Amino acid sequence: MRVLVVEDEEDLVEALRFGLARAGYAVDAAYDVAQATEKLYAASYDLMVLDLNLPDGDGMDFCRAIREGALNGEAGPDLRILMLTARDRLADRVRGLDEGADDYLVKPFAFPELLARVRALLRRDSGGGSAVWTYGELRLDTSRHEAFRADRRLRLTPKEFGVLRYLMSRPGEVVSTEELLEHVWDEHADPFTNTVRVTVGTLRRKLSGDDEEPLIETLVRRGYRLREAAR
């Protein structure tokens, strides 16, 4: 899943980028409202972590503009928004949620809590109520960052984990190479490389042992589809 961090403290941005990337998310950063607006129009993000005290505007107003459709980025008004701010008054928390934030976290914060809130918000898109996703023989624990096929643990890289997580959020659907690049890789990915094809190829091999049915289907010129093993 792809996350946009909108925050003007460079050290915090780098800490968030590093921690979220280790958890398998593709992370881009913007340091003010203008940069965030530009990035929202350039890519379809699954979630935005939004500071409120930005150099060129207030995060509350920015959030409201997104929700009211005044700012129609690629993700549209349904973009998940987690406000991350030092404003800790009850009135601020209430206003943030009323302006359209899906969640509100006060600084200073514990990074494991932020990760848990990110997972909870992204589960809404997948229709799941648990940190553990299942599809046929596949089981994905988004909290512990573990994946299994039946009882066999899968040793996945963060990027392979991200691809599997995205495919499991679209079970049975055809997902294009462009969509995977948009949601699993960050803005620095080269769209003209074979990185998606190579990553899907290694993931396919890890999902299927010597005598197991392949679970990722390639549809020529269309993309990839995750399917259940025949029973």
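Which residue is the bridge partner of V175 in β14? I looked this up and found that V175 is partnered by Y224.

**Entry 1: the model.** I note that this is a predicted model, in which local features need pLDDT of at least 70, side-chain atom pairs count only at pLDDT 80 or more, and totals for chains, interfaces and linings use all residues. Residues are numbered from 1 along each chain as its sequence is written, and side-chain values use heavy atoms, with hydrogens and water left out.

**Entry 2: the sheet.** I took helices (H or I, at least four residues) and strands (E, at least two) as DSSP runs, numbered from the N terminus. Strands are paired if DSSP finds at least two bridges between them. I found an open sheet of three strands in the order β12-β14-β13, with antiparallel pairing. Its edge strands, β12 (174-175) and β13 (216-219), each pair on one side only. Between β12 and β14 (residues 223-226) I recorded two bridges in the antiparallel sense.

**Entry 3: helices on the sheet.** I used contact to mean heavy atoms within 4.5 Å. Angles run from 0 to 180 degrees between N-to-C directions, with axes fitted to C-alpha atoms, for helices over the stretch in contact. Helix α6 lies across β12, β13 and β14, at about 70 degrees to β14. Helix α8 (residues 195-207) also packs on the sheet, where α8 touches β13 and β14 and makes about 145 degrees with the direction of β13.

**Entry 4: the core.** I counted a residue as buried under 20% relative accessible area, exposed over 50%, and partly exposed in between (1.4 Å probe, protein chains only). A nonpolar core is a set of buried Ala, Val, Leu, Ile, Met, Phe, Trp, Tyr and Cys residues joined through side-chain atoms within 4.5 Å. The largest such core has 46 residues, and Y25, L164 and L180 touch the most other members. Helix α6 (residues 158-168) gives the most to this core, with six residues. Nine of the eleven residues of α6 are buried, among them V163, L164 and Y166. Leaving aside residues up to four places away in sequence, L180 touches V163, Y166, V175, W185, V196, V200 and Y224. Apart from this core lies another, of 22 residues, including L4, F62, I81 and Y104.

**Entry 5: a lining.** Which helix gives the most to the lining of the largest pocket? I found that α7 does, with three residues.
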